[in-house]
Amino acid sequence: MAILQCSSSCAILLALLIALLFIDPTSSTSRKAIENEKHESSHHAGFRVKLHHVDSGKNLTKLERVQHGIKRGKSRLQRLNAMVLAESTADSTQLESPIHAGNGEYLMELSIGTPPLKYPAVLDTGSDLIWTQCKPCTQCYNQPTPIFDPAKSSTFSKLSCSSNLCNALPSSNCNDGCQYMYSYGDYSVTQGVLASETFTLGDSKVHNIGFGCGDDNEGNGFQQASGLVGLGRGPLSLVSQLKEPKFSYCLTNMDDSKTSVLLLGSLAREKGTKAITTPLLRNPSQPSFYYLSLEGITVGANQLSIEKSTFEVGSDGSGGIIIDSGTTITYLEESAFSTLKKEFISQTQLPVDKSGTTGLDLCFTLPSGKTKVEIPKLVFHFKGGDLVLPAENYMIADSNLGVACLAVGASSGMSIFGNVQQQNILVNHDLEKETISFVPTQCDQL
C-alpha cells in the first residue's frame, strides 16, 4: 500500500524566469569569438531551460491547481481528439461544434530577433510549429510582451516556397514568401508568413530557426504567452531544427515553488540507473504525437482486465495513448477508466465522495483527524518496464475540503498520460532511437 501525506497544499509564490546554460569551448581571442559566432548553433553543448507552470505565483492549493488544469485539459483533450478525427475521416460534421484549444501547462522564455525581444511561449509536445504574433496584426490577442516587429530585426528573412520547412507545413500558399496556416484542430489557428530568425536561449544565439510570424491568430488558448514552441516529432519543431534528437524535461510537484527544467541536446541524457525505457509508437494520422507502448495497469496487487487493443493505435488512427506535458491529469479510454475506478473503490477503505464538487471523477471522503491514509499502489506496465507511481502522482488530497481525489479521468477516444503522473520523473525523449525513458528524479536537484 502507498502512504499519502494529507496536509494542506502550499501556494506557489515565485514566478520562474528562464535561465539557460550554454558551454562555448573557444578561446577568448576576438578572431575566434567572431568565428564561433558564425557556428555557435552547431557547436553548443546543449541548452538548459527553466520552466514555470501557468499557475505559478497564484495563491492556490494543489487541488485548485489540478482543477484549473482539468478545465484546460478537457479543451485540450477535445482538440487532440479532433485533430485525429480530422485526419481519419472526411465527415467534417464531427468538427462543427466550436472547441477551444488548451493553452498548455508550462511556459518557457526565449528571445527572438536582433536585437532580441523577449518571447514567453507555451511549451507543447503535442505540436510542431514554432510561432509568435507579428506586426502588422490583422487579428492578434493580448499578450504579455510587445508584439514582435520583423521590420526592426536585422536577422529576419522570409522563407521561400521551395524551402524544406515550407514543404513540411500541413497547409501553405505561395505569396510573397511561404504563407502558412496552422490549425489546432478547432477554431484556434495561426496564420502568416514562415520566416527564419535568430533565437536567443539565455546568452546563446541559435541562427536560422524557422518559425511562423503570425499576423492573424485566433483562439482562446494562448493569452498567457506570446506564442508557442512545438516540441513534436515533425521537422518544424524546435528539437528537430536544432538537429539534436534528444530532449528531456523534469517537472517538480505542481504545489512546489521549485524549478522545473527542459534540457535540449547533449544535456538531455539519462541520469541514474533506474530508467524504464519504452518504444515510441507511430500514428500515420498524427506523426508528431509521442505514442507510448502501454500494455496494462495494476491497482494494488490486481492487474486490471483491460483489452490489449485499448492502448493500441487503430488502423483508422484512433485510440492509443500519448504522453503530453500540456495535459494535467491522465485520461484513459472510458472502459479502461471504469475498470480502474471500480478497483480503486474496492481497495480503498474510505467512503466515496458523491458531492461532485471537485471536478474529478473519483474522490474519497477523508476521516477527520487523520493525517495519513492508505491507498492502493498504481503501476503502469510499459513495454520495457513497469512505472510504479508515488502516491502524490495520482492521488490529490485536500484536508480543508476533507477529500482525496484520483488524478485520472475518462476519455472518449485517445488516452493521455498527463503531467501530474510525470512529477519528479526525468522524461527523456530520444527521437533517433524512438524511445522514451522514465527516471525517478528529484527535479529541483538537476
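Asp124 has its place in strand β4, which covers residues 117–124. Keep in mind that this is a predicted model.

Q: Which residues does the UniProt annotation "active site" cover?
A: The annotation comes from an unreviewed UniProt entry. In that record, "active site" covers Asp124 and Asp324.

Q: What is the largest C-alpha distance in this cluster?
A: The annotated residues, Asp124 and Asp324, are spread over 201 residues of sequence. Even so, they cluster in space, with a largest C-alpha distance of 7.9 Å.

Q: Is Asp124 buried or exposed?
A: A residue counts as buried when its relative accessible area is under 20%. The value for Asp124 is 1%, so Asp124 is buried.

Q: Which residue's side chain makes a polar contact with the side chain of Asp124?
A: This contact joins two side chains, at 2.8 Å. The partner of Asp124 is Ser127.

Q: Where does Asp324 lie?
A: Strand β18 covers 321–323, and β19 covers 330–333. Asp324 lies in the loop between β18 and β19.

Q: Which backbone nitrogen does the side chain of Asp324 reach?
A: Asp324 has 1% relative accessibility and therefore counts as buried. At 3.3 Å, its side chain reaches the backbone nitrogen of Gly326.

Q: How many residues does the largest nonpolar core have?
A: In soluble globular proteins, nonpolar side chains tend to be buried together. Here, the residues with the most contacts inside the largest core are Phe211, Leu262, Ile297, Leu340, Phe344 and Phe438. The residue count of this core is 73.

Q: How many residues are in the second, separate core?
A: Its members include Cys166, Cys178, Tyr182 and Leu194. The number of residues in this second core is 17.

Q: Which strands stand at the edges of the open sheet of 3 strands?
A: The strand order is β20-β25-β24, with antiparallel pairing. An edge strand here has a single partner, so one side of it is left without a neighbour in the sheet. The strands standing there are β20 (363–365) and β24 (395–398).

Key
Residues numbered from 1 in each chain as written. Predicted model: local features only at pLDDT ≥ 70, side-chain atom pairs only at ≥ 80, totals over all residues. Heavy atoms only, no water. Core = buried A, V, L, I, M, F, W, Y, C linked by side-chain atoms within 4.5 Å. Buried < 20%, exposed > 50% of the residue type's maximum accessible area, 1.4 Å probe, protein only. Pairing = 2+ DSSP bridges. Helix = DSSP H or I, 4+ residues; strand = E, 2+ residues; numbered from the N terminus. UniProt positions renumbered as here; feature names shortened; annotations may be inferred. Polar contact = N/O pair within 3.5 Å; in protein donor to acceptor, adjacent residues only side chain to side chain.
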